[in-house]
Amino acid sequence: MAERQDKAALISETRRRFEAEYLADKSEKYDSRDVERLQQDDTWVENYLIWRHDVVDDTLKMIDESLQWRKEYTVNDLTESVLPKWLFENGSLFLHGYDKEGYKLFWFRVKHHTRDPKQQLEKKKLVAFWLEHYAKRDHGKPLTVVFDMAETGISHIDLDFVRFIVNCFTDYYPNFLTKIVIFEMPWIMNAAFKIVKGWLGPEAISMLKFTNKSDVQEYISGEYLPPHMGGTDSFKYSYPPLVDDDFQTPLCENGPITSEDEHESKEEIDADTKESGELSEEQNLNQKKMNSIEQISKSEETDKTEIKPKNAKKALTTFKGPLLHISPAEELYFGSKETGEKKCLIVLTNVTKNVVAFKVRTTAPEKYRVKPSNSSCEPGTSLDIIVSLHGGFAASLQDRFLIMAAEMDQSSGAGVPELTQFWKEVPRTKVMEHRLRCHVIESSKPSSLTLKENAFNIPAKTNEDLHIQLTRLLQINKRLQEQIDRCLWFQQLSVVLSLLSVTVVAFCFYLAYTQRS
């Protein structure tokens, strides 16, 4: 607690001194949007402090240089449309995959880079574009830089450009670098990288990892390494579209959702329609249970004498987006492979006055089952999404989930064909996106929203656990009721047939008796 207060005091002092010493008569040096962000974003200021070891004087100098650089390169206005298309088509710089610690990989394919002073500024702006693009999207989570130097030579050496990339992390994007993985550096470039070490400084030198095919997997698993680096990643860079996290449609309980496929078959549509029907029934059940669950939650919060069990779970966090509130806000908690298959719950709440269509995508579609993965949420209501690990797969830190949402017109339907057409036509600017990471709990119980298969063995149940159990019990009860109805129908049919048989036999006896007489 005291440490947090000290940090808050440092943040406050940094802001006060920056305003007094740097903004007084030099405000034109900075972009007003950056100045406003500095006054509001505690994490941003804290990262500067961390990168300068909480020395306020050094932190202020870094902020001054960083904000001037951001205005010089128009970082806040760098978009895909303002940069030349050939820069993206070149494929020398892009984001793709994750290292073993779950950090995003920023690739520099050196063999695709050529020195050209006329193009240098635009190439530097491309670096700034990617860094800002990721920093805004994942809220400043650090990156791992990969210099892929396979098949490179003297013609590809560009120390000015390398220095720019290094300076971006050391001077302009604080606390944003985890390591630099250098793959198969040619011996002729040894002298050049001694200079790079000097730019990094003594503390950052430990971030340099020189690797080859035999040891690169110490830092990056094979699933995110191309074949020439000894991996199995079949990813091939192409543009357009802009390379993202390679989110794909996950599997639901009835198989893959194919609503985005331009050539989907009638059988696939029918399967999705059937699933949507089942989903709507579940939504109706969930809707009826919301009030009772909220009452339970309120009673638990007001019960101040309640003793928390040893393994009580932490309160949920919520991402408050313009269309949907999403719980949890950042991470899905799964158990390790040894602790068995796990399920997680994502709760979506529609905060608009219109129907909101949503879909869930993941970077590991073969691992997970998501239900529902493509549906809609009525105004003011909440909806549960169950994410479960499939078969013997285990969650990993590299796995990501993307939730996409967009408002629908009141006149639009919410069936599978309507949703399919809607996602084809909706402008990207109107789509809300939110990403979730996976967190693996090795032995202890997860801190939120993790459900064991045998949930009744958990001594401390949250409302979400009870909600899931209640849904399952209702489903089981529904199936039992259907079986009972079928049994009753067969019983009634048997009685009718028995009566018919008795009637026929009696009629036969009657005929025989009348013929004798």
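1. Proline 117 is exposed, at 77% relative accessibility. This residue sits in the loop between E2 and helix H6 (120-137). Proline 117 and aspartate 160 are separated by 43 residues in sequence, while their C-alpha atoms lie 10.0 Å apart in space. The structure is a predicted model, and these values should be read as such.

2. The structure holds 22 salt bridges. Side chains of opposite charge can pair when their charged atoms come close.

3. Lysine 29 and aspartate 64 meet through their side chains in a salt bridge, with an N to O distance of 3.2 Å. This pair links distant parts of the chain, 35 residues apart: lysine 29 is in the loop between helix H1 (2-21) and helix H2 (32-40), and aspartate 64 is in helix H4 (residues 56-72). With a relative accessible area of 23%, lysine 29 is partly exposed. Aspartate 64 is buried, because its relative accessible area of 12% falls under the 20% limit.

4. A salt bridge also joins arginine 52 to aspartate 171, where the closest N and O atoms are 3.8 Å apart. Arginine 52 has a relative accessible area of 23% and is partly exposed.

5. Aspartate 148 and arginine 109 form a salt bridge whose closest N and O atoms are 3.1 Å apart. The two residues are 39 residues apart and link distant parts of the chain, with aspartate 148 in strand E3 (residues 143-148) and arginine 109 in strand E2 (residues 104-109). Are these two residues buried or exposed? Both aspartate 148 and arginine 109 are buried.

6. Asp34, Arg70, Glu132 and Lys136 are linked in a network of them.

7. The cysteines come next. How many disulfides are there? The count is zero. Cysteine 168 is buried, with a relative accessible area of 0%. Cysteine 508 is partly exposed, at 44% relative accessibility.

8. An open sheet is built from five strands in the order E10-E17-E16-E12-E14, and its pairing is mixed. Strand E10 (331-335) and strand E14 (374-377) are the edge strands, each pairing on one side only. On average, neighbouring strands of this sheet are turned by 25° against each other, direction ignored.

9. Within that sheet, strand E12 (residues 356-362) and E14 run antiparallel and are joined by four bridges. Phenylalanine 358 has serine 375 in E14 as its bridge partner.

10. A nonpolar patch on the surface is formed by Trp489, Phe490, Leu493, Val496, Leu497 and Leu500, which together have about 590 Å² of accessible area. One of these residues, valine 496, is in helix H11 (residues 463-516). Valine 496 counts as partly exposed, because its relative accessibility of 44% lies between the limits of 20% for buried and 50% for exposed.

How values were computed: Residues numbered from 1 in each chain as written. Predicted model: local features only at pLDDT ≥ 70, side-chain atom pairs only at ≥ 80, totals over all residues. Heavy atoms only, no water. Patch = residues over 30% accessible without salt bridge, like charges linked within 9 Å, V, L, I, M, F, W, Y side chains within 5 Å. Areas by Shrake-Rupley, 256 points an atom, 1.4 Å probe, with all protein chains shown as cover. Salt bridge = Lys/Arg side-chain N within 4 Å of Asp/Glu carboxyl O. Buried < 20%, exposed > 50% of the residue type's maximum accessible area, 1.4 Å probe, protein only. Pairing = 2+ DSSP bridges. Axes fitted to C-alpha atoms, helices over the stretch in contact; angles between N-to-C directions. Disulfide = S-S within 2.5 Å.
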